[in-house]
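Let's take a walk through this one together. Keep the sequence and the 3D view open side by side as you read.

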Amino acid sequence: MSDSQSSTPRSVAALAEAVQNGASSAEQSVSESLAAIRDKANLNAIVHSDDETALAFARALDERIRQGKPGGRLAGVPIAIKDALATVDYPTTCGSKILTRRGEFGPGHGWRAPYDATVVARLRAEGAIIIGKANMDEFAMGSSNETSAYGPVRNPADESRIPGGSSGGSAVAVAADLAPAALGSDTGGSIRQPAALCGVVGVKPSYGRVSRYGLVAFASSLDQVGPMTRDVRSAARVLEVISGRDAHDSTAADTPVGAYEAACERGLEGLTFGLPEEYFEQGLDPAVRKAVEDVVERVKAAGNAVKPVRMPHTHYGVATYYILATAEASSNLSRFDGVRYGLRVEEQGADLKEMYGATRNAGFGPEVKRRILLGTYVLSAGYYDAYYGKAQRVRTLIRRDFDEAFAEVDVLITPTSPTPAFRLGDRVDDPLAMYMADVYTLPASLAGIAGISVPCGTVRARDDAGGAALPVGVQLLCPGFGEERMFAAAAGIEALVDRNAVFQA
Amino acid sequence: MHPGGAVGCGKLRSEPSLPPTQTTAGTSTTVSPCDTFQRLITAAPVMAITRDDVLHVATLARLELDESSVDSLARDLDKIVGYVQKLNELDTSDVPPTSQVAVEAAPQRPDEVKPGVPRDQALAEAPRSTDDGFRVPAFVEET
């Protein structure tokens, strides 16, 4: 990795070390990060930032280090936080107008959380500096970052294209060097897909690996917080910091946190890889296929066994997900009612129900309304068993596909996204086409297993042969709580591939 | 209109993310007679989502809709609901539901009384409040 563009290291471990030993400082790294946010404001990646807050934390950390105290595993590392995570010193708005505060909507304005999300508190405790809140699809509902009330985020590889979503601002923060790391959240692919489309590493931890306390809930049985970074080892370090049991979230597992960063040194030796045929069928962009097949060839050349596996229920992932996730969302989003926080719209003489309805109409955007209606529909009288119950049973079949595959192989290799980044506006009028962007990431979310997207090359868009090289990611999947194995495989593959190579169909 | 709307098996569940029983793969589950009936009715030709359906569901969701958006929402939902019918290709009569994964790893904590959010902090973000609570429009009809 080249450090030529900035004077401070871009890998998390190297930066934390430089800050700790005095070669750099938190103030310097944070100043550079804030300058980059200003210089690249056109990307619209960060919606809330505050120079004085970030610099005050940085100076306090530098003072601690000068006094000989340890700065922490993330000493002086600027981190962008997806705006779905609660932070006491920045607004938390989930890309939505409904978290408007006192009638003021826009950057710097919005609901103020009374506490930090557990993951945010854990980052701060290890010396990380929160440099701002990253733009996102409204309530994480979208695959292109176009549903944000703050406007779309632009892909730094080609600003006419989407960055992916819903953690698009987090992906762009890392890809455009606004910060060496970001946190996203992944419900059906919202970390992995934008990571792939922006050319960064994105980790969707196993369900239960990371606390959801302070993450504004979308679909509670699927949501996980995870890191996005330039390189695999940096992601491993951030995940180690944020993982583990939390008295505030009973779904945060007791399972011991692994040595993820150390696992990055293990290499690929002894790992058997599986190629699920269903992830390489029609709908996969031919150039993206070439890039992923190149990874497979390199893994084989390194001496690893690669076996075909069948996962026959893969094709049912999108339908299953859009029933279960919208059902859970329709319930979770009932809390936005104009009473306790956020926007309130109240006509003179309106009763309570009218206030609820008017507030939610004014506060939610079209995609959120669509999903609330769909979720309410599939849970409503007469349809509950036919849709919600049915989807829960198919979810079991999808889990079994993974159980059977992992009885044969250690790691699954798939494309992360079927296509490279599409153009802004291309799919906004076709919800189903948008949902298909997550076809390869949804099954792992439904199964609750561990997944990572690693940059593996670039392609030219089919509609723009002379255009920019667009990043492609390879997705690696491991069983639940198999993160150590996943990081060993991911770091091994990262070392084998050239992320700047251009693949053609 | 609501095809199948007269079937009394389903209920409106307000907390789907916290179902009463958490079943994981390998655990047996009871299949209600309603499940069988639902399979029969959903095997019928794909239903159409109408404007009335959208307005009914919007009422349940406490969501007022702009008149101009209702038709396009009906079209979108019809397309999505049509697509998810694809699940009916699978026979799931012997498959238990998954409502949550990794519950076996979820720890318990001691049941201790701890202070909650202080009242002034809880009220600080309220759009309207009184001295000691959230202020809402009247919702009990006067007799």
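**Where the two chains meet**

Between them, chain B and chain A bury about 6900 Å², and 62% of that is on carbon and sulfur atoms. Buried area here is the accessible area, taken with a 1.4 Å probe, that two parts lose on being put together, summed over both. Bear in mind that this is a predicted model, where local features need pLDDT of at least 70 and side-chain atom pairs count only at pLDDT 80 or more, while totals for chains, interfaces and linings use all residues. On bookkeeping, residues are numbered from 1 along each chain as its sequence is written, chains are lettered from A and ligands numbered from 1 in the order in which they are written, and side-chain values use heavy atoms, with hydrogens and water left out.

In terms of residues, 74 from chain B are in contact with 82 from chain A, contact meaning heavy atoms within 4.5 Å. The count of salt bridges between chain B and chain A is 4; a salt bridge is a side-chain nitrogen of Lys or Arg within 4 Å of a carboxyl oxygen of Asp or Glu. If you want one to click on, go to Arg128(B) and Glu346(A), whose side chains meet in a salt bridge at 3.1 Å, N to O. The rule also finds 24 residue pairs in polar contact across the interface of chain B and chain A, with both residues at pLDDT 80 or more. A polar contact is a pair of N or O atoms within 3.5 Å; within protein, one must be able to donate a hydrogen and the other to accept it, and residues adjacent in sequence count only if both atoms are side-chain atoms.

Which elements of chain B give two or more residues to the side that touches chain A? They are helix H1 (33–42), helix H2 (51–60), helix H3 (67–84) and helix H4 (119–123) of chain B. Helices (H or I, at least four residues) and strands (E, at least two) are DSSP runs, numbered from the N terminus. H3(B) gives the largest share of that side, 8 residues. By residue type, the side of chain B that touches chain A divides into 42 nonpolar, 17 polar and 15 charged.

Chain B has 4 helices and 0 strands. Of its 143 residues, 33% are buried; buried means under 20% relative accessible area, exposed over 50%, and partly exposed in between (1.4 Å probe, protein chains only). The mean pLDDT of chain B is 74, and 65% of its residues reach 70 or more, pLDDT being the predictor's confidence in each residue, from 0 to 100. Within chain B, confidence is highest in H2(B), at a mean of 96, and lowest in H1(B), at 43. Over residues 1–46 of chain B the pLDDT is below 50, yet this stretch has 75 contacts in the model beyond near neighbours in sequence. Where pLDDT is low, the predicted coordinates should not be read in detail. For the complex, the predictor gives an ipTM of 0.92 and a pTM of 0.91.

**Some spots in chain A**

Now switch to chain A. Helix H7 (residues 232–242) of chain A is mostly covered, with 10 of its 11 residues buried. Among the buried ones are Arg237(A) and Glu240(A). After H7(A) comes Gly244(A), with a positive phi near 115°.

Arg237(A) also turns up around Ala16(A), which touches Arg73(A), Leu74(A), Ala75(A), Val77(A) and Arg237(A), not counting residues up to four places away in sequence. Ala16(A) lies in helix H1 (residues 12–21) of chain A and counts as buried because its relative accessibility is 4%.

Buried at 8% relative accessibility, Ser148(A) makes a side-chain polar contact with the side chain of Asn135(A) at 2.7 Å. Ser166(A) sits in the loop between strand E3 (129–134) and helix H5 (168–175) of chain A, and the peptide bond from Gly165(A) to Ser166(A) is cis, with omega near 10°.

Finally, Asp177(A) is not a glycine but has a positive phi of about 60°. Asp177(A) is in the loop between H5 and strand E4 (181–186) of chain A, and is partly exposed, with a relative accessible area of 22%.

How values were computed:
Nonpolar A, V, L, I, M, F, W, Y, C, P; charged D, E, K, R; others polar.
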